[in-house]
Amino acid sequence: MEKFSAYRDPGTGIQPFLTPVAPLGNEFLEKATLPIRLVLGVLRTALVLLLFITYFAVIRTASLVFIPIPPLYRLIEHIFLFIFGRTILFILGLFWIAPEQATTKRGRKVREIETWKPKAGDVIVSNWISWIEVVWLAISYNPIFVIPIPESLPDLSESSRSSTPLSFTPGRRTGTGSANVQLPSKTATQREPIRKFREVSLLSMINKTGHVPPFGFEKGNAKTLEEIRKGASKPVVLFPECTTSNGRGLLRFADVFHQTAPVKGYQVYVMCVRYDPPTSVSPTASLAIPSSFLNPLPHAFTLAKSLTPLQISIRQLPPSESPSSPLIVVSELLSDFSGEDQVSEICAALIAQIGKLKRTGMAWEDKFKFLDFYSAKGR
């Protein structure tokens with residue numbers, strides 16, 4: 001849409017915040033199947049809600065009995081989370097989810113011994129497109145989710161809104177090392193420092209999908225990533241984009257690690273998520289724009305109406321190629337980088353490579369302004 005042209009990345013031509021739409025030409029099939037899809041959507045959504053309510057009732061009961069024994073409680077929590085979470089994804093059409101290991105080394109085969117086994121205090125880094133991968137990460141690793149709390153918020157003055165919000169040019173934009181795209185710069189989007197995070201529950205993380213920092217939270221009780229990681233009894237999931245995109249490109253990563261590579265003292269696991277584009281009878285699984293009411297329930301209803309199975313691609317990087325590996329060659333990944341957070345930049349480059357995603361100069365600060373502009377247009 002032309003009215004959102006200020007939020008199109010000039011380096012790639014991607015609009016990362018708009019909901020993808022199905023190609024034109026199959027309107028008849030869409031209208032003919034609408035009654036069936038509505039009934040299917042209502043039934044599936046009702047069943048998903050019932051499972052959600054049952055799960056949290058069961059976990060709350062279990063916590064009263066087993067919480068004095070933390071290891072046993074975490075085991076029981078993970079078992080029930082896997083059963084209910086996997087059932088919910090199955091109902092919504094994700095019948096089969098098989099993560100694959102993807103190497104960045106040409107001609108190299110992934111060894112069996114490099115399977116993912118994140119432990120307490122390790123960090124899982126991923127791009128963020130939907131609440132679906134949040135549920136998948138929960139049922140797979142029963143981790144701790146954290147959301148960023150910026151030190152300040154982007155400027156929403158009229159001059160800020162009317163200007164093109166891009167000027168950042170990441171190195172290795174395509175993830176191949178062959179491109180060094182220079183973006184036309186009109187007005188710089190100021191990077192808002194992020195040094196604190198808050199631990200949130202699975203339900204809260206799902207509800208915050210699509211929103212932007214500070215997610216309605218104040219700075220109080222926020223901790224640094226290192227403080228959370230050191231005190232964690234489970235792996236920690238981190239989304240350096242700090243908000244969701246529509247999956248067409250990778251948003252600019254915020255400086256969240258504030259570390260040089262390789263990381264020492266813990267393991268960093270890197271993964272990339274992608275979804276199939278929408279069709280006339282199959283919606284997009286991406287959630288770039290959050291619902292104003294019971295987010296993401298309306299999106300779940302949209303997915304529940306699908307007549308075809310939903311597809312998700314999860315690619316995981318072998319630990320020997322992660323930012324915490326002593327084998328990593330930092331200079332290969334940071335050839336054009338001059339920032340302070342090497343680990344965040346390396347994670348972005350690796351995710352772009354294994355997911356074959358284009359890197360954009362857009363960031364959560366731009367989406368903060370986009371959502372303000374979007375809501376103003378809707379009023």
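Helix α3 crosses helix α4 in a left-handed sense, a crossing being left-handed when the near helix is turned anticlockwise from the far one by less than a right angle, and right-handed when clockwise. The structure is a predicted model, in which local features require pLDDT of at least 70 and side-chain atom pairs count only at pLDDT 80 or more, while totals for chains, interfaces and linings use all residues. Residues are numbered from 1 along each chain as its sequence is written, and side-chain values use heavy atoms, with hydrogens and water left out.

Helix α3 spans residues 70–91 and helix α4 residues 132–141; helices (H or I, at least four residues) and strands (E, at least two) are DSSP runs numbered from the N terminus. The two helices pack at an angle of about 145°, and their axes are 8 Å apart. Axes are lines fitted to C-alpha atoms, for helices over the stretch in contact, and angles run from 0 to 180 degrees between N-to-C directions. On the α3 side, the contact (heavy atoms within 4.5 Å) involves His78, Leu81, Phe82, Gly85, Arg86 and Leu89. These residues meet Ile132, Val135, Trp136, Ala138, Ile139, Ser140 and Tyr141 of α4. By class, the contact of α3 with α4 comprises 9 nonpolar, 3 polar and 1 charged residues. Here Ala, Val, Leu, Ile, Met, Phe, Trp, Tyr, Cys and Pro count as nonpolar, Asp, Glu, Lys and Arg as charged, and the others, Gly among them, as polar.

A cavity is a set of points where a 1.4 Å probe fits but cannot get out, whereas a pocket is an open set with protein on both sides within 12 Å along at least five of seven lines; lining residues have an atom within 4 Å of a point. Grid points are joined across faces, edges and corners, and a volume is the space filled by probe spheres set on the points.

By this rule, 2 cavities of 30 Å³ or more are found. The largest cavity holds about 80 Å³ of space and is lined by Phe52, Tyr55, Phe56, Leu81, Phe84, Gly85, Ile88, Val135, Leu202 and Ile206. Elements α2, α3 and α6 each give two or more residues to this lining, with the largest share, 4 residues, coming from α3. The lining of the largest cavity contains 9 nonpolar residues, 1 polar residue and no charged residue. At least three of its residues are drawn from each of domain 1 (26–92) and domain 2 (97–154 + 187–378), the domain bounds coming from an automatic or database domain assignment.

Of its 19 lining residues, Glu77, Val200, Ser201, Leu202 and Lys234 lie nearest the centre. Two or more lining residues come from each of α2 (34–66), α3, β3 (144–150), β4 (194–200) and α6 (202–207); the largest share, 5 residues, is that of α2. The lining of this pocket has 12 nonpolar, 3 polar and 4 charged residues, and both domain 1 and domain 2 supply at least three residues.

Backbone geometry was also examined. A cis peptide bond with omega of about 0° joins Ala261 and Pro262, and Pro262 is placed in the loop between β5 (236–238) and β6 (268–275). Asn295 and Pro296 are likewise joined by a cis peptide bond, with omega of about 5°. Pro296 lies in the loop between β6 and α8 (297–304). Leu294, in the loop between β6 and α8, has a positive phi of about 50° although it is not a glycine.

Note on methods. On a 1 Å grid over the protein atoms alone, a cavity is a set of points where a 1.4 Å probe fits but cannot get out, and a pocket is an open set with protein on both sides within 12 Å along at least five of seven lines; lining residues have an atom within 4 Å of a point.
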